[in-house]
Amino acid sequence: MYTTDLRTAEEKAKAAKDEIKVAEEGMAEFQARIDRDEFIEPKDWMPEGYRKTLIRQMSQHAHSEIVGMHPEGNWVTRAPTLKRKLILIAKIQDEAGHGLYLYSAAETLGVSREELVRQLHAGEAKYSTIFNYPTMNWADVGAVGWLVDGAAITNQIPLCRCSYGPYARAMTRVCKEESFHQRQGYEALLEMMKGTDEQKKMVQDAFDRLFWPALMMFGPPDSDSAHSSQNMAWKIKRFSNDELRQRFVDATIPQAEFLGLKIPEQIKWNEETGHYDFGELDWDEFWDVVKGNGISNDDRMNARNEALEDGAWVREAAAAYAEKQRAKSKAA
Amino acid sequence: MQNDWDLYEVFIRSKRGLSHKHVGSVHAADGRMAIENARDLYTRRSEGESIWVIPAKEIVASDPAEGDALFGPAQDKVYRHPTFYDIPKEVGKM
């Protein structure tokens, strides 16, 4: 490495050409494996772009699970009955677990959880825009389960067949649990819709506020999605943002009707296409939230940073204790 | 952030499972905490009845580039399979 390169210019040029050839062959072989629907595993060769994209997507997915505990956690102490409170706690525990599965899966790509968490706290990594909306009333908790977890499932089911093995396996576990969340959320709203006028009004209000942000969870429109086509070719993504969004709208509107909710006027059944038309979303709002200017962005990040800083001494204590135990067992 | 702790790989034998199966990993300060975290994380829905955790750095994995050399022979050595051998019917089940 430190010696003078004694090769002739010709030899050097040939070596450089060989290197490019090897990289091209590697890329072709990699794409062939993807096309054969093989899973890519941690120790397999992969293009740097594939690794980077996956780290970005998986870590942001993990961050979303962690930050997503806050809007719901907001209602734990105020849940209206003990049963609903227990369900909510169990759900939030699941979200923590999903974060951990996803960080583990991301770590197989050679990045540490510590570094990923640092990126989140430094504002370098994003998390789902939806968690920057506040939970204003108890019905919001049900609506988050039904709409937000519902949108998440729509997104995540195709990810169970994502080309990267550890991600696909993590998503399989996550999807099983998310289904509980979505159903419990919907059931909570059904219950409220059987209740007083005031309860019904709360559900309608939650739906009106959270439906559009839930649609934005699928990401920017296909015409404006930076990573889309390469991610589809690599089978990290199986369907485009707009396809998944449409699928979610088609599934959700009948559920909203069953609840007895008033559907926004711009949503119309289209006999010809067999889908619901729902018009344009407010993409300015979306990008504003992505950039950190949503309603609750600051609250969420402050809460995360506070937990990290205030918990530092506990983590140090645990590490010191583990070290002491190790020393003791060595001495014995 | 300090003290992110070690990564432990988690193996669980399910209620009717014959062997431990890799299910994922957890971070923990020591083995005991790893078991506790794994219990909370991977067996919330009674998925198992035995947990093994092992520091990820203790695991040595095979190299995919050597996959052919390592795993190839099984396929072209059919004589290793019991079905390769024809036994007359009269002999009965063997």
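## Interface between chains A and B

The side chains of A:Asp94 and B:Arg44 form a salt bridge, with N and O 2.7 Å apart; the term covers a side-chain nitrogen of Lys or Arg within 4 Å of a carboxyl oxygen of Asp or Glu. The interface of chain A and chain B holds 2 salt bridges by this rule. It also has 7 residue pairs in polar contact, both residues being at pLDDT 80 or more. A polar contact is a pair of N or O atoms within 3.5 Å; within protein, one must be able to donate a hydrogen and the other to accept it, and residues adjacent in sequence count only if both atoms are side-chain atoms.

Helices here are DSSP runs of H or I with at least four residues, strands are runs of E with at least two, and both are numbered from the N terminus.

## Basis of the model

This is a predicted model, in which local features need pLDDT of at least 70 and side-chain atom pairs count only at pLDDT 80 or more, while totals for chains, interfaces and linings use all residues. Residues are numbered from 1 along each chain as its sequence is written, chains are lettered from A and ligands numbered from 1 in the order in which they are written, and side-chain values use heavy atoms, with hydrogens and water left out.

## Chain A overall

Chain A contains 13 helices and 2 strands. Its C-alpha trace spans about 85 × 70 × 35 Å along the principal axes. Of its 332 residues, 49% are buried; buried means under 20% relative accessible area, exposed over 50%, and partly exposed in between (1.4 Å probe, protein chains only). Among contacts in chain A with a separation of 6 or more, 77% join residues 24 or more positions apart.

A:Leu190, in helix α7 of chain A, is partly exposed at 27% relative accessible area. Beyond its neighbours within four places in sequence, A:Leu190 is in contact with A:Phe258 and A:Leu259.

## Salt bridges within the chains

Over all chains the structure holds 22 salt bridges. One of them joins A:Lys91 and A:Glu72 (2.4 Å, N to O). This pair links helix α4 to helix α3 (residues 69-73) of chain A across 19 residues, and both A:Lys91 and A:Glu72 are buried. A:Glu191 pairs with A:Lys194 at 3.8 Å between the closest N and O atoms; A:Glu191 is partly exposed at 44%, whereas A:Lys194 is exposed at 66%.

In chain B, B:Asp6 and B:Lys57 form a salt bridge (3.3 Å, N to O). B:Asp6 lies in strand β1 (residues 6-13) and B:Lys57 in the loop between β3 (50-55) and α2 (67-71), so the pair ties together parts 51 residues apart in sequence.

## Cysteines

A disulfide requires a pair of cysteine sulfur atoms within 2.5 Å, and the count over all chains is 0. The sulfur of A:Cys162 is too far for a bond because its closest cysteine sulfur, in A:Cys160, is 9.5 Å away. A:Cys175 is in no disulfide either, the sulfur of A:Cys160 being nearest at 3.7 Å. A:Cys162 is buried at 0% relative accessibility, and A:Cys175 is buried at 11%.

Key. Contact means heavy atoms within 4.5 Å.
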